[in-house]
Amino acid sequence: MSETATATATVTTHCPYCALQCGTRLTRDTGPADGPATDRTGPGARTTVHPDPAFPVNQGGLCQKGWTAPALLDTPGRITRPLVRGADGVFAPTDWDTALDLIAGRLRALRDEHGPDAVGVFGGGGLTNEKAYQLGKFARVALGTSQIDYNGRFCMSSAAAAGSAAFGLDRGLPFPVTDLAAADVVLLAGANPAETMPPLMRHLSRARLIVIDPRRTPTAETAALHLQPTPGTDLALALGLLHLAVTEGHTDREYLDKRTTGFESAWRRAAAWWPERVERATGVPVAEMREAIALLAGAERAYVLTGRGAEQHSKGTDTVAAFINLALTLGLPGREGSGYGCLTGQGNGQGGREHGQKADQLPGYRMLTDPEARAHVAAVWGVDPDTLPGPGRSAYELLDALGTGGGPRALLVFGSNPVVSAPRAARIADRLASLDLLVVADFVPSETAEMADVVLPVTQWAEEEGTMTSLEGRVLRRRRLLTPPGEARSDLDVLRGLAVRLGQDPGRFPTAPREVFDELRRASRGGRADYSGISYERLDAGEALHWPCPATPAGTAPHPGTPRLFLDAFAHPDGLARFAEVEHRDAAETPDPSYPLYATTGRVLAHYQSGAQTRRVPELSAAAPEPFVEIHPDTAARLGLAEGAAAEVASARGSTTARVRLVPSLRTDTVFLPFHFAGAGRANLITSDALDPRSRMPEFKVCAVRVGPAPEAAGRDDAGAGL
């Protein structure tokens, strides 16, 4: 009896989805060993994933999305050749030279006629550090445009703004995830990790949880205390909690005097928010507020963590600042075993906002308006700092300006799907349709790709090398297992191909990830997010390196990285944390007789972001196949809606259709919709485009709606049928 040899390859890498970046071992078995194990075409070829038990964040666990991630590698409909839309409106495959020549020619013509800002660039929080860095460089050097931002503006920007103001530095978690496992109490403001990042719950099993959320989420089900405020009133609740912390004697005066500044100004605002006033504004009983403060203040090890529910508001920066004020009052940040943190969402949401694809930033978390920062980065890039454009429009403002008199006439999209993910989505689709040129680089036919003039097939996670930065600021290696299918190329290859056609020296835009990272290290040196002491060699040797990790002089020991920030001092020049003077204000839109209910949006366990990837995974699509709206049974009865009925949810901006789910634990004045679905089921057809004045975050989490029977049944979404 003989055995047939098989070709097998395995790499240690990380899950392609959320900012936990769970450690995985990815294996490709091609069946009979007729070729290399990286071959994806052999009969019986399959890729499997297993959690890496040595990686401390997920400790041998994965969520449903992580377990099924390999299914996306061979998904039907994968884009494998460049596509150009013809005069008849139909896509036709072409070769790379033709596609890139076409794009570059049209970009040159638009720039010549309208100036460099006639071209915009829209990036993504899932791009590797190398891609995010090179994208920002490409926009500012090859295109000369200020019009670049990315979808992370929709995710973590409010927490980033508040954290930078309070601490002098923004890193989602200024401590390792594993520190949470020893916590006694954790307050989660607007976060639902039981669905959005389930492996994190392993580290929260010991703690007593205080969950602030209008919904009784799976995370709230596990909590010792669930505070259920009216949507849009988190800031009032945070002020009320601070009021109780002070009036009930829980302030850490020694900490306040030695490590902070501005407490008195913040307290003057909070003093006006006595408990009974807060209860009237939020609906949260005074007794529950007192219990929350007693739990936090009585804990030896306590944390305050914010998520999108606190951040995605027109006052999101102030809301996060209010929760930071609470944490500072209790003496938590900068103390080992306690602290404040933001649960960053996207896979590289942390690194993606550090290295230059954000409208106002340069690599190393440098600000584009800082002359010294401009000079340093320009020297690394070999250009005159005066040629670098200034700050451009934020993400929504960039999208909203497309095709208008003063806005970009062309847009290049990398790693994002704004047709589904942007607020007021119908308007954004109209703006995209008005462009002279829309180019989308993606590996699946997203809804935005379906609208493009040119679609460029790019690699995905298991087909490329690079680095990602997790929510705890740890830089991680993404490793290649497979050769890309068809003619798919790395985004780095795409950027170089375009840059050269636009007149750049080929050496200025390398395509080897390691080479790009080495340049990123030099560009970040001395910045707030200093990666200069991190190298592929150190990462491949297994070192756990958290930024800042500056380079050290030759012949000296390398910097070990900084897993825990602020233990000795905060990052402001005087070493002190800043309280913020904030005041509650209503959401930009509140219910009225025409739109009498609040709507809020969020994620579900089976899907991720716009769903362009997860809706293509059969197991995940089966678990959550169609849009739905959660509504309290009493509210539904008044509206003539039954379980499973098709409902129309309408706001002043548009309407969406979804199946009714009756949820007795939901507030009677509130409905909830997940935002992962496309077509007529897009939740963002109704969301508000009101922006936070500092972070420019749209108000995804609250708008006024009316709900009633749908004029037509809510059908299942057929993702990506047009390509």
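Let's start with a pair of strands: β12 (residues 302–306) and β13 run parallel and are joined over 4 bridges. Within that pair, T306 sits opposite C342 of β13. Keep in mind that this is a predicted model.

**The sheet around that pair**
- β12 and β13 belong to an open sheet of 5 strands, ordered β10-β9-β8-β12-β13, with parallel pairing.
- The edges are taken by β10 (225–227) and β13 (339–342); each has a single partner strand, so one side of each has no neighbour in the sheet.
- Going from one strand to the next, the twist averages 15°.
- As a bit of background, strands of a sheet pair through backbone hydrogen bonds, in either a parallel or an antiparallel way.

**Helices to look for**
- Helix α13 (residues 316–329) lies across β8 (185–189), β9 (208–212), β12 and β13, and it runs at about 175° to β12.
- Helix α11 (residues 286–298) has 13 residues, which should span 18 Å at 1.5 Å a residue; its end C-alpha atoms are 18 Å apart, so the two agree.
- In α11, the buried residues are V286, M289, A292, I293, L295 and L296.

**The protein as a whole**
- There are 23 helices and 28 strands in the protein.
- Its radius of gyration is 25 Å, close to the 27 Å the globule rule gives for 723 residues, so the protein is as compact as a globular protein of that length.
- The C-alpha atoms fill a box of roughly 75 × 70 × 70 Å along the principal axes.
- Buried residues make up 63% of the 723.
- Of the contacts with a separation of 6 or more, 73% link residues 24 or more positions apart.
- The accessible surface comes to about 23,900 Å², and 49% of that belongs to carbon and sulfur atoms.

Terms used:
Residues numbered from 1 in each chain as written. Predicted model: local features only at pLDDT ≥ 70, side-chain atom pairs only at ≥ 80, totals over all residues. Heavy atoms only, no water. Helix = DSSP H or I, 4+ residues; strand = E, 2+ residues; numbered from the N terminus. Expected span 1.5 Å × (residues − 1). Buried < 20%, exposed > 50% of the residue type's maximum accessible area, 1.4 Å probe, protein only. Pairing = 2+ DSSP bridges. Axes fitted to C-alpha atoms, helices over the stretch in contact; angles between N-to-C directions. Contact = heavy atoms within 4.5 Å. Rg over C-alpha atoms; globule rule 2.2 N^0.38 Å. Areas by Shrake-Rupley, 256 points an atom, 1.4 Å probe, with all protein chains shown as cover.
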